[in-house]
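The sequence and the model come first.

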Amino acid sequence: MSIKVSDKYSIEADEYQLIVVENKIAKKGKNAGEAYQTTVAYVNDVTHALQVIYGRETRKWVAEHEATLKEAAKAFNKIAKEIKEFGKKYDM
């Protein structure tokens with residue numbers, strides 16, 4: 001079983017921990033076009049899982065953009081809003 005956070009991320013679990021996974025599509029090779037997952041982090045609770053996702057997305061945004069602090073804050077708020085909307089579905 002897994003919890004779909006977005007098209008890009010899911011949270012899975014085993015008996016000991018939650019596992020943040022990134023959903024990807026192979027771009028080349030014999031499996032081009034096929035979906036696969038990579039493990040991002042092992043965490044103990046959903047709040048930490050969402051913090052991991054927020055941190056990854058904000059770091060990715062900074063790496064890909066040259067912006068003012070105001071533009072960055074606006075982008076980070078958008079990322080946070082998407083995560084909060086997910087949390088509302090699960091009463092977090």
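## Pocket

The lining of the largest pocket is made up of 7 nonpolar, 2 polar and 6 charged residues. Here Ala, Val, Leu, Ile, Met, Phe, Trp, Tyr, Cys and Pro count as nonpolar, Asp, Glu, Lys and Arg as charged, and the others, Gly among them, as polar. The space in this pocket comes to about 300 Å³. Of its 15 lining residues, Y9, E57, K78, I79 and E82 are the closest to the centre. Two or more lining residues come from each of α1 (46-64) and α2 (69-89).

A pocket is an open set of points on a 1 Å grid over the protein atoms alone, where a 1.4 Å probe fits and protein lies on both sides within 12 Å along at least five of seven lines; lining residues have an atom within 4 Å of a point. Grid points are joined across faces, edges and corners, and the volume is the space filled by probe spheres set on the points.

## Basis of the model

The model is predicted: local features need pLDDT of at least 70 and side-chain atom pairs count only at pLDDT 80 or more, while totals for chains, interfaces and linings use all residues. Residues are numbered from 1 along each chain as its sequence is written, and side-chain values use heavy atoms, with hydrogens and water left out.

## Chain as a whole

The protein chain has 4 strands and 2 helices, in the order β-β-β-β-α-α from the N terminus. These elements are DSSP runs numbered from the N terminus: helices are H or I with at least four residues, strands E with at least two. The C-alpha trace spans about 40 × 40 × 20 Å along its principal axes.

Of the 92 residues, 29% count as buried, meaning under 20% relative accessible area (1.4 Å probe, protein chains only). Among contacts (heavy atoms within 4.5 Å) between residues at least 6 apart in sequence, 34% join residues at least 24 apart.

## Strand pairing

Strands β1 (residues 2-4) and β2 (residues 9-13) run antiparallel and are joined by 3 bridges; two strands pair if DSSP finds at least two bridges between them. K4 stands opposite S10 in β2. The two strands, β1 and β2, form a hairpin with 4 residues between them.

On to the next pair: β2 and β3 (residues 18-25) are antiparallel, with 5 bridges. I11 has V20 in β3 as its bridge partner. A hairpin of 4 residues joins β2 to β3.

Terms used
Buried < 20%, exposed > 50% of the residue type's maximum accessible area, 1.4 Å probe, protein only.
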